[in-house]
Amino acid sequence: MQSKIAAVLIATFLLVGFSCNKNESGSTASSAGAGAASTTGDIVVGEYGSMTGSEATFGISTDNGVKLAVKERNTAGGVNGRKIKLISYDDQGKQQEVVTAVTRLIQQDHVVAVIGEVASSLSIAGGQVAQRNGVPMISPSSTNPQVTEIGDMISRVCFIDPFQGYVGAKFAYDRGMKTAGVLYDRSQAYSTGLKNDFIKAFKQMGGTVTTEQAYSKGDNDFSAQLTAIRGGNPDFIYVPGYYTDVVNVARQARKLGIKVPLIGGDGWVSEELKNAGDALDGCFFSDHYAHEDPRPEVQEFLKRYQAAYGRTPDSMAALGYDAANLLFDAMTRAKSLDGKDLAAAINSTKDFKGVTGNITIDEKRNARKLAVIQKVQGGSFSYFATVEPPK
Ligand code: PHE
């Protein structure tokens, strides 16, 4: 109880502190509220992510990738002779924490740019703060279109969900699965958007959705929804959710006698899928990169990441690494590190050689990339196929 009161007091203090520091309220990118970036000393970069909570592996993997990029850059001399200093905050996967973290990075730590988040709803929350303050933000892996629609300060280095939905639909349809049940998380922008994109693409191909069901973050009993889906007898179930829920859905589906494969998106990416035991065997999901890819960029990264962390980098680690390196590259091309100049350099990135592929930031500040399909077996996943963007 005491600590709860203390937490409230600290939060109140921080908020008051922020409003005092803020030199302008409701400022837009064009009248940048963050002030001019300094031109000497370390270059301060911010990062926010879910290092704890039900999506903890998202934040941890991304942070590992970002930190590796920072370390390598500093060893190689930094950016224009200046070292990069990274400040990271745990947002616990919560919207309110995101707002606090991004505000603090900008107002108190005076970062020149922000890297984050993974979950789209959290990137939308953090992106609004960054845009309002005129500080560039790069999301490594949020795929919902709304993230970059916030404004000219916000970009991403990954593909978006209209493509990812198509990838899931095409993969299933081409394998002869023509009827789908759908179970999505209505509390997440990512899950709701990807569900709609999948259904649109699947119907266009000639597929049928037998049953559509929803849950909300924090739910852990999916039996009512799964029973309804079982009644429709679909060829597969599309589950565009995050891994903790996917594990529970899979286990409960098998208990209810549902044998068809589950198919999902990048939200499945986590070593925690092992908690499903064999319930996800023979299931598939779309992803951003495969560590089995023989391209030298991937294999070199794999070696250095394994040496640093003793584990295999997942796609969030690779995208975090790419987001940080793309930011450093933009810094070397920017007229100055002020928000407008830095954002302009980021937004004009062309053919940047990333681990996850060549990255060109398009006019909507998104990246157009390939997707891979991963297959789950025995609690882990491995590369199965590649899907290219439609012509
Ligand atoms: N694309 C997901 C989102 O927008 C996040 C994610 C990316 C999860 C990559 C796993 C791997 O919410």
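When I say that two residues are in contact, I mean that they have heavy atoms within 4.5 Å of each other. With that in mind, and remembering throughout that this is a predicted model, let me begin with Phe198, which, leaving aside its neighbours within four places in sequence, is in contact with Gly165, Gly168, Ala169, Ala180, Val182, Phe236 and Tyr238.

Phe198 belongs to the largest nonpolar core, which has 80 residues, and together with Phe236, Leu262, Trp268 and Leu280 it is among those that touch the most other members. The largest share of this core comes from helix α7, which contributes seven residues. Apart from this core lies another, of 40 residues, and its members include Ala69, Leu327, Ala330 and Ala367.

Let me turn to the sheet. There is an open sheet of seven strands, and if you follow them across in order you read β7-β6-β8-β9-β10-β13-β14, with mixed pairing. The edge strands are β7, residues 208-215, and β14, residues 380-387, each of which pairs on one side only. On average, and ignoring direction, neighbouring strands of this sheet are turned by 25° against each other.

Next, the charged pairs. How many salt bridges does the structure hold? The count is 12, and I will go through a few of them.

In one of these, the side chains of Lys195 and Glu212 meet at 2.9 Å, N to O. This pair links distant parts of the chain, with Lys195 in helix α7, residues 189-205, and Glu212 in strand β7, 17 residues apart.

The salt bridge between Lys274 and Glu272 has an N to O distance of 3.7 Å. Here Lys274 is partly exposed at 46% relative accessible area, and Glu272 is likewise partly exposed, at 24%.

Asp329 forms a salt bridge with Arg333, with the closest N and O atoms 3.1 Å apart. Both residues lie in helix α11, residues 315-333, and they sit four residues apart, about one turn of the helix. Asp329 is partly exposed, with a relative accessible area of 24%, and Arg333 counts as partly exposed at 38%.

I will finish with Ser155, which lies in strand β5, residues 154-156. Is Ser155 buried or exposed? Ser155 counts as buried because its relative accessibility is 1%. Setting aside neighbours within four places in sequence, its contacts are Met137, Ile138, Ser139, Thr148, Ile346, Asn347, Ile361 and Arg365.

Note on methods
Residues are numbered from 1 along each chain as its sequence is written. This is a predicted model: local features need pLDDT of at least 70, side-chain atom pairs count only at pLDDT 80 or more; totals for chains, interfaces and linings use all residues. Side-chain values use heavy atoms; hydrogens and water are left out. Helices (H or I, at least four residues) and strands (E, at least two) are DSSP runs, numbered from the N terminus. Buried means under 20% relative accessible area, exposed over 50%, partly exposed in between (1.4 Å probe, protein chains only). Two strands pair if DSSP finds at least two bridges between them. Axes are lines fitted to C-alpha atoms, for helices over the stretch in contact, and angles run from 0 to 180 degrees between N-to-C directions. A salt bridge is a side-chain nitrogen of Lys or Arg within 4 Å of a carboxyl oxygen of Asp or Glu. A nonpolar core is a set of buried Ala, Val, Leu, Ile, Met, Phe, Trp, Tyr and Cys residues joined through side-chain atoms within 4.5 Å.
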